[in-house]
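Me: Let's go through this one together, a question at a time. Please put the sequence and the structure up before we start.

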Amino acid sequence: MKLPVFPNWYPYNDMVFDGHLQVGDCAVKTRSYNWDYRGLVLFYTSGRTERRAVEIYGYENSPAHHKVIIGIADLVAVRELTLEEAKKMVCNFNNLDPRLLDRVLRRNGLTKDPDAPFWIYNYGYYVAPLRIGYFFKNPKRFAKPVPFSWPAGPIRPIFIEVTRNSALYKQMLTASK
């Protein structure tokens, strides 16, 4: 069985499994590119860290959190975010109360124009979403992260043969129960 491995900086994948990236009934991650795949996806945390997210959510940054596959979820949709979804993701990424978003954006000199594209919020201190949303359901964190060596090259998802990695296969079976 081959499954895609979806990479991201620490702690973004953890944020999926901790409920910090929810939009409606889906966990959402963002990318700049579309993808036709739908189905189960493995979540790999790279060696890089988004320090702002670690700080605002209180994550501990240690080597044990890097270069591991931490869980699995079902990718159900890939599409451009609506303006409201993008605003929600700004709040998610920055641990910001949605009721304060417009005030925070105005204070930082950003437009309140409802027709402005959501990427206008990519401003200085705030982490902003990319334009394409990847919508996941049923995220399941593995009881024990599985070490994984990401091959050199592009940062887009790659497919791996799950049954060739006994630790990964065991965690997948445990998570599916």
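**Salt bridges, packing and confidence**

Me: Which is Lys-87, buried or exposed?

Reply: Lys-87 has a relative accessible area of 17%. The classes are buried under 20%, exposed over 50% and partly exposed in between, with a 1.4 Å probe and protein chains only. That makes Lys-87 buried.

Me: Before I go on, what sort of model is this, and how are its residues numbered?

Reply: It's a predicted model, where local features need pLDDT of at least 70, side-chain atom pairs count only at pLDDT 80 or more, and totals for chains, interfaces and linings use all residues. Side-chain values use heavy atoms, with hydrogens and water left out, and each chain, as its sequence is written, is numbered from 1.

Me: Which residue does Lys-87 pair with in a salt bridge?

Reply: A salt bridge here means a side-chain nitrogen of Lys or Arg within 4 Å of a carboxyl oxygen of Asp or Glu. With an N to O distance of 3.9 Å, the pair counts, and the partner is Glu-84.

Me: What is the N to O distance between Glu-85 and Arg-79?

Reply: Glu-85 counts as buried at 13% relative accessibility, while Arg-79 is partly exposed at 32%. Their side chains meet in a salt bridge, with N to O at 2.6 Å.

Me: How many salt bridges does a search of the whole structure find?

Reply: One of them joins Asp-97 to Arg-99, with the closest N and O atoms 2.5 Å apart. Elsewhere, salt bridges that share partners link Asp-14, Asp-18 and Arg-141 into one network. The search of the whole structure comes to seven.

Me: Which backbone nitrogen lies 3.0 Å from a polar atom of Thr-30's side chain?

Reply: Thr-30 is in strand β3 (residues 26–31) and counts as buried at 8% relative accessibility. Leaving out residues up to four places away in sequence, Thr-30 touches several others, among them Leu-81, Met-89 and Phe-93; contact means heavy atoms within 4.5 Å. The nitrogen at 3.0 Å belongs to Leu-130.

Me: In what order do the elements run from the N terminus?

Reply: There are five helices and seven strands. They're DSSP runs numbered from the N terminus: helices are H or I, at least four residues, and strands are E, at least two. The order is β-α-β-β-β-α-β-α-α-β-β-α.

Me: What share of the contacts with a separation of 6 or more joins residues 24 or more positions apart?

Reply: For background, buried residues make up 50% of the 177 residues. Of the contacts with a separation of 6 or more, residues 24 or more positions apart account for 80%.

Me: Where is confidence lowest among the elements?

Reply: pLDDT is the predictor's confidence in each residue, from 0 to 100. The protein averages 86, with 87% of the residues scoring at least 70. Strand β5 (residues 68–80) has the highest mean, at 97, and the lowest, at 70, belongs to helix α4 (residues 101–107).

Conventions
Polar contact = N/O pair within 3.5 Å; in protein donor to acceptor, adjacent residues only side chain to side chain.
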